[in-house]
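Biologist: I would like to learn how to read side-chain packing from a set of coordinates. Could we go through it together, one feature at a time?

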Amino acid sequence: MTHLRVLVSFLLVITFISRVELAKQNGKYLIVDNLNDPKDLKKLLRTKTNVLVCFYNSYKKSQGVLNTLNDVAKNIKGEGVIATINCSGEAKKLCKKLKIPGDEPFVLKHYKDGEFNKDYDRKHNEKSMTNFMRDPTGDLPWEEDDSAKDVIHISDPNTLSKFLKREPRPIMIMFYAPWCGYCKSLKPEYAQAATDLKDHSILAAVDVNRAENAVLRTQYNISGFPTLLYFANGSMKYSYEGDNKRAAIVSFMHNPIAPQIKVQEPEWSEKDNEIVHLTSTSFDPVLKEESSVLVMFYAPWCGHCKKMKPEYEKAALQMKSEGIPGVLAAVDATKEPSIASKFNVKGYPTILYFSYGDKMFDVNVREATKIIDFMRDPKEPPPPPPPERPWSEEKNEVVHLTEESFKPFLKKKKHVLVMFYAPWCGHCKRAKPEFSDAAAKFKDDPKVEFGAVDCTIESALCSAFEVKGYPTIKYFSYYNKEIKPYNGGRTRDDFVQFISNPMAASNTPPPTPKQEQWILDPSIIKLDEKNFKDELKRNNIVLVMFYAPWCGHCKRMKPDYMAAAKQLQSEGIEKCMAMVDCTENPELAEEYGIQGFPTIKLFKNGKFVTDYDGKRTIEDIKLFVKKYYRKKDEL
């Protein structure tokens, strides 16, 4: 029996040696095998920028991953290095110094640019390890993400062709690029929709950033990411142009319809109105003849311009009817870039006042009443207040971090509280002095730091840490040894209490102040997570307002919303408007992707149809509901 054990052990060693020999190319080993001396490890990390080290305590239990690493080493030749360290042999002291746990068969650690990067946390197969070594700081490839297990990932055009021929069920394919921000935000919604639909249809994905998939861009006319296409019976039918939300995708797959043909909207200059539309030919002759001219520089695609246009037209018409002197003119800056450049137009709309061809000053009026008031008595507006001084230029103890300084700074600090913020954010402005005061208290403590990241400048850094709102505050210990969100209060004392003992801190949000009660009229359906789907199915057409009691815009809109519901009811259109308090029904808010308040959505027989983004007035709300109420048989 003893002889048999010796023979088995000998064969295992021979097998391993042969595997290492197989990893030999051009006379050089692709794996740096069994490092023992700390100096050799330091030298390796100093000279190689991308190193994956396998520390193993049991060769027998680690044989599978060691064999896989040999294959990985071949795949990444010239891109990275694989090294192994036997913690049960001569490297025992080295492993102890590096705090390698002795109860694990093996531990994989990655080093980048001479420093520890992270513990390897992906699957132990050749494909996953190779992908990791080619992009060790990148995101987990989507096909390896367990949360996307119901998405079918298609690797190349040949696989796609075979898949479309053999799959009888309806298919949606998302063509994406890993670096695409919109793709990243869609992925979780798409994956959840795939799970919802797995007994009905297929949601698939193709990474068209890969060289082998470039031909698919031409084949399916893919010019932007993500592009979602619907297939049936092996052929592409049409593109999906609905909301990038789980519920909308699921609804579409149950009832796929071709996107509406977009009617080319006539140019503003072709419409019948009192606005004088200027070109490079007419600009100077017209303005030199007029003593009072307001010129709106616009771009056809600009949302703010679209909102201003009817106000501008209304003002021009009223000026004509009331005999108010002056001219309202407009210039399409996308067609007349030379004029826009001459007057340093950098944003839209830009509104300038002229007298006899001379530019007098900038004006900031966008509503009809204010435009008319200005034209009655044109005066130069007071100068704007001086720009707010950047937080980073204020004298305080907060360390302002960039993408370059973030990791090196945090790696050396035991306790760091970092605020990710935007300069325009009101909550951030209120939190800044409290955060700065807390930082000042710890200015002499080398273990504690307070940091800040301006997400309007360092967008990539904020995206890497999944910052989705401002301020987002996170706690870091030695960069990645410990990371956790801070959910406590935003006063100096709250920050001080937390950072004094981060591991023991409860880190619970402060109690929410009692909100005013929204007393709903009987003409409006009050929805919650229990009755939402039943009520919407029971009533054919329902306009739903997702709101929060504390929201100022919601409070201002509420009277008109309720009045519209009452008037519609009096006209015989009943139970067509509803409300959802998202503070009491967070699951509904999450399901329908509510990110701001109020958000208003139209449903038909319980299924989402479209968002309402019109004016928040009684008449506009009524017209919108009536439009779909009349079309209810067509929907």
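## Reading burial and packing

Modeller: Let us begin with a single side chain, bearing in mind that this is a predicted model: W268 counts as buried, since its relative accessibility is 4% and the cut-off for burial is under 20%.

Biologist: Which ring does W268 pair with, and how are the two planes set?

Modeller: The partner is Y312, and the pair is tilted, with 6.3 Å from centre to centre and 50° between the planes. W268 sits in the loop between α9 (246-254) and β13 (276-277), whereas Y312 belongs to helix α11 (residues 303-322), so the pair ties together parts that lie 44 residues apart in sequence. Y312 is buried as well, at a relative accessible area of 0%.

Biologist: What should I make of the pair formed by F532 and F546?

Modeller: The ring centres of F532 and F546 are 6.3 Å apart and their planes meet at 45°, so this pair, too, is classed as tilted. F532 lies in helix α18 (residues 532-538) and F546 in strand β24 (residues 541-547), 14 residues apart. F532 is buried at 1% relative accessible area, and F546 is buried at 0%.

Biologist: How does one go from pairs to a core, and which residues have the most contacts inside the largest one?

Modeller: The general idea is that in soluble globular proteins nonpolar side chains tend to be buried together. Here the largest nonpolar core has 60 residues, and Y190, F532 and V544 have the most contacts inside it. Helix α7 (residues 181-197) gives the most to this core, namely seven residues. Because domain 2 (143-254) and domain 5 (525-628) both contribute residues, the core lies between them. The contacts of V544, leaving aside residues up to four places away in sequence, include F532, Y561, V580 and F603.

Biologist: And how do I read a helix that has a buried side; which residues of α17 are buried?

Modeller: An α-helix has 3.6 residues a turn, so residues three or four places apart point the same way. In helix α17 (residues 492-500) the buried residues are F495, V496, F498 and I499. These residues cover an arc of only 165° around the axis, which puts them on the same side of α17. On the other side of α17, D493 and Q497 are exposed.

Biologist: What covers the buried residues of α17?

Modeller: The cover includes α15 (426-441) together with the strands β19 (415-421), β20 (448-454), β21 (472-477) and β22 (482-485). F495 and F498 also belong to one aromatic cluster, whose other members include W391, Y421, F435 and Y475.

Terms used. Residues numbered from 1 in each chain as written. Predicted model: local features only at pLDDT ≥ 70, side-chain atom pairs only at ≥ 80, totals over all residues. Heavy atoms only, no water. Phe/Tyr/Trp six-rings, centres within 6.5 Å; stacked < 30°, edge-to-face > 60°. Helix = DSSP H or I, 4+ residues; strand = E, 2+ residues; numbered from the N terminus. Buried < 20%, exposed > 50% of the residue type's maximum accessible area, 1.4 Å probe, protein only. Core = buried A, V, L, I, M, F, W, Y, C linked by side-chain atoms within 4.5 Å. Domains from an automatic or database assignment. Contact = heavy atoms within 4.5 Å. Arc of directions from axis to C-beta.
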